[in-house]
Amino acid sequence: MPLPYFEVDVPTRSTEALGLHGVHVFTGRADSRSAAVRIAHEVYDAARAAREAGREIPHGQPEGWGACGYRPGWELDWPAATAGAGPSPAPSSCSSAPGQPPCLTG
């Protein structure tokens with residue numbers, strides 16, 4: 001039986017444009033809500049580290065987790081992250097809420 005699919009919503013704000021904020025959404029399979037938040041944070045950290053080192057953003061993480069990219073100037077509020085039952089798996093694990101740059105690419 002496959003692991004449950006989770007959606008992790010992480011509030012984010014621009015460090016460059018006052019008042020600009022949104023929610024970045026990560027999706028993938030995990031065995032619990034806390035594991036989903038932990039994995040999403042690890043995926044984000046790996047994307048940031050790769051980008052800062054000039055390397056390609058890693059894609060295709062286990063259980064559907066991944067990052068499309070990293071956008072400097074946006075701060076994610078990980079302590080405020082929430083995880084819940086996610087939608088059916090989609091081809092891409094990146095999506096964004098209104099007001100958020102798409103997939104943290106840039």
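Among contacts in the chain between residues at least 6 apart in sequence, what percentage join residues at least 24 apart? The share is 70%, where a contact means heavy atoms within 4.5 Å. Before the close-ups, a word on the model: it is predicted, so local features need pLDDT of at least 70, side-chain atom pairs count only at pLDDT 80 or more, and totals for chains, interfaces and linings use all residues. Residues are numbered from 1 along each chain as its sequence is written, and side-chain values use heavy atoms, with hydrogens and water left out.

**View 1. The whole chain, for orientation.** Helices (H or I, at least four residues) and strands (E, at least two) are DSSP runs, numbered from the N terminus. Of the 106 residues, 38% count as buried; buried means under 20% relative accessible area, exposed over 50%, and partly exposed in between (1.4 Å probe, protein chains only). The chain exposes about 5900 Å², with 56% of it supplied by carbon and sulfur atoms. These areas come from the Shrake-Rupley method with a 1.4 Å probe, and for residues only the protein chains shown count as cover.

**View 2. Phe26 and Trp78, an aromatic pair.** Rings of Phe, Tyr and Trp (its six-membered ring) pair if their centres lie within 6.5 Å; planes under 30 degrees apart count as stacked, over 60 as edge-to-face and the rest as tilted. By this rule there are 2 aromatic pairs. In one of them, the ring centres of Phe26 and Trp78 are 5.7 Å apart and the planes stand at 35 degrees, so this pair is tilted. Phe26 sits in strand 2 and Trp78 in the loop between strand 3 (74–76) and strand 4 (82–85), 52 residues apart. Both residues are buried.

View 3. Tyr44 belongs to helix 1 (residues 33–52) and Trp78 to the loop between strand 3 and strand 4, so the pair ties together parts 34 residues apart in sequence. Tyr44 is buried at 6% relative accessibility, and Trp78 is buried at 11%. Together, Phe26, Tyr44 and Trp78 form one aromatic cluster.

**View 4. Thr27 and its polar partner.** Look along strand 2 (residues 21–29) to find Thr27. Its relative accessible area is 8%, so Thr27 is buried. The Thr27 side chain makes a polar contact with the side chain of Tyr5 (3.3 Å). A polar contact is a pair of N or O atoms within 3.5 Å; within protein, one must be able to donate a hydrogen and the other to accept it, and residues adjacent in sequence count only if both atoms are side-chain atoms.
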